[in-house]
Amino acid sequence: MTKIVTEGPAGYMPDSAPMMGVELAPEGQALLYGNVVTPEEAMRDAAIALLTKDNPTIFPGPQVLWDWKEDVAEKSAAILDLASEIPNCRIIPMPDYRPKYPKIDVKAEINPNHPNLTILDNKIKACVFVGVHCHYANLTLRMIRAGTDCYTVALCAYMGHEEAMASIRDLHASDILRFKEIVIEERDKLGIKWETTLPPENPSLPKEDNSTLSPADYGEYRSLIISRKGEHVAEVE
Amino acid sequence: MSYLDDGRPQPVKKLVDMDYLLNEAPREKHFITGAQAMAEAVKRANVDMAIAYPITPQSEVMHLVGDVFAQGHIKEYYRAEEELGTMSAIAGASRAGVRLFTATSGPGLMRGLEAIVSWSGHRVPAVLGILTRVINAPLSIQPDNIEMAYMMHCGAVMLHAENQQDTFDFTLAAFAIAEKVDVYIPVAVATEGFFVTHAKGYVDMMSEDLGYLDFDSVASPVPAMDNETPPARIQRDAPVQKSNFMSYLIHSVWQQEIWDSNKRAMKYIYQYLGGPIEVQNPEADVFIVASGCAAAQAREAWRYAQEDGLSVGLIKVKAIRPFPADEIRDVVKNAKALIVPEHNIIGWLCKEIKATIPNGGIVVEGPRVYGGMTLPVELIMKEIHDALGLEYDLQL
């Protein structure tokens, strides 16, 4: 197999994977280094990368962080199962897509506008993106390939991502659990001993305390929660 | 018959996928104008909202789309204040996660262009009808497709319809192409004002009882700005222009993503429209390469050339963006001359073809007409004869 899409750093202003001729895998298939392969083949290569490279990390995006759709809770639980089987795996979320001002907390989150900061600071050499909207996933994966040597895995509910070293499309919870099984198989083959352990809690996020919330905490959105003068809200959804 | 809250009738439709709608559903022949063809496509596309500001020759289309709204086939429709407002409103409505249609012409396209060129970057999967018209000055309402040159560099997919049938099929396909998760950028369907919009031709159409499947706002590469769909705080379009704290790389990879999305549209152009080009006589020495209405005249010249036993082929370019560079290069690899008739003064298609093939010197620049002039087949025949080293008595 000729590797078209590989770990970076690809350089200052690299071509995108589609510009290099990589096309999305058809239904039932996956991408590995820009080549169409079976999902199993892509998962095995990804599993080995996550087991052998430093600081493996899962980056869950908004689509799996909030329980907003029927299949999400099951998918998110499967992601935790997967993370528990990867030795010393961490979970760092991409909760939204706004640039972080004045400075991102690279221990707590990753952001599509400057994802390389989180990758480089945490010395992450292999990672998984899951539940990130495709547009932002493509930007993120491309910037990581441009500026870091991190191996990227994309688990996508739609058509996958050309920019990732390994890309799985049409993702369901069952696919994540299959990936987990492959991780365990490859881990055993490599002779790595590991007890199923959940990743550590996110180190930088303060404990939430909603008991002292006031309308002021809602900033520019406070008008949405304050009734207008004379308005009597009798029903809420 | 049931009725909507505002008193309009509510047609009962069977919703089907675009493969069935375009390629399998039974069709009946109708004799209608290009404007009617575009409106009939909108009728079957299950459009949520249309917004427009009238301008000749587009006004015929959007008037008919208004009728389609009155018949209950479209949920919302209003006339905006002018084109910049129209196109901005389309971008805004897109944030609500709905299927959108608008159309404009020449100067209207220019006025709306600032908003239109941001659609791709904002991932607005709207369909834009371009019914071509001279760009002033001097003032004219006549057909001339120079406006398409201004659209070619904004990331949108662009289809160019030869006739009324193309206008119908391309407009319908445009909705499916625009809304694919790996595309999700606007699709412009252009055709010549008056020559196509106000002239009748035969159009095979499926029953209006069929409609395209509902727009799926969740199947999107960006979050729909929908407060009913948590997490509501997600900002769909990050303000990357605040470069004082942004990496410049984000803007460059964003631009790449738009053009990658444009490129990904090609497989759907094959799926729904049979490919980005149509080729007649692929072994020919001389090809006429044309798009839109010029392709109709080119087709006639090709027919004359066949009757005269000349080695002439035809390449009709259906997709202007993504441009079918590989496909054209492959067909013309042994050609001795390419003749590119166009309805504009700058020859944007000619420039594209010259930039596409390794031996641009074989491209004949023209014939071109503009300002509303018709394109006589004889002008193309003259170029064919010149390319073949034959005499031709040009009489107009």
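Trainee: In chain B, what share of the contacts between residues at least 6 apart in sequence join residues at least 24 apart?
Mentor: It is 81%. Two residues are in contact if their C-beta atoms, placed from the backbone, lie within 7 Å. Keep in mind that this is a predicted model: local features need pLDDT of at least 70, side-chain atom pairs count only at pLDDT 80 or more, and totals for chains, interfaces and linings use all residues. Residues are numbered from 1 along each chain as its sequence is written, and chains are lettered from A and ligands numbered from 1 in the order in which they are written.

Trainee: And for chain A, what percentage comes from residues 24 or more positions apart?
Mentor: 67% of the chain A contacts with a separation of 6 or more.

Trainee: How many helices and strands does chain B have?
Mentor: 12 helices and 18 strands. These are DSSP runs numbered from the N terminus, with helices being H or I of at least four residues and strands E of at least two.

Trainee: How much of chain B is buried?
Mentor: 52% of its 396 residues. Buried takes 20 or more other C-beta atoms within 10 Å of the residue's own, exposed is 12 or fewer, and partly exposed lies in between, with C-beta atoms placed from the backbone.

Trainee: Where does B:Arg299 sit, and is it buried or partly exposed?
Mentor: B:Arg299 is in helix H9 (residues 293-307) of chain B. It is partly exposed because it has 18 C-beta neighbours inside 10 Å.

Trainee: Different topic. How do H5 of chain A and H8 of chain B cross?
Mentor: The axes of H5 (residues 134-147) of chain A and H8 (residues 248-273) of chain B come within 9 Å and cross at roughly 120 degrees. Axes are lines fitted to C-alpha atoms, for helices over the stretch in contact, and angles run from 0 to 180 degrees between N-to-C directions.

Trainee: What does that make H5(A) relative to H8(B)?
Mentor: Oblique. Angles under 35 degrees are roughly parallel, over 145 roughly antiparallel, 65 to 115 roughly perpendicular, and the rest oblique.

Trainee: Which residues meet there?
Mentor: On H5(A), A:His135, A:Asn138, A:Leu139, A:Arg142, A:Met143 and A:Ala146; they meet residues of H8(B) including B:Leu249, B:Val253 and B:Trp254.

Trainee: Last one, how many helices and strands in chain A?
Mentor: Six helices and seven strands. Its C-alpha trace spans about 70 × 40 × 35 Å along the principal axes.
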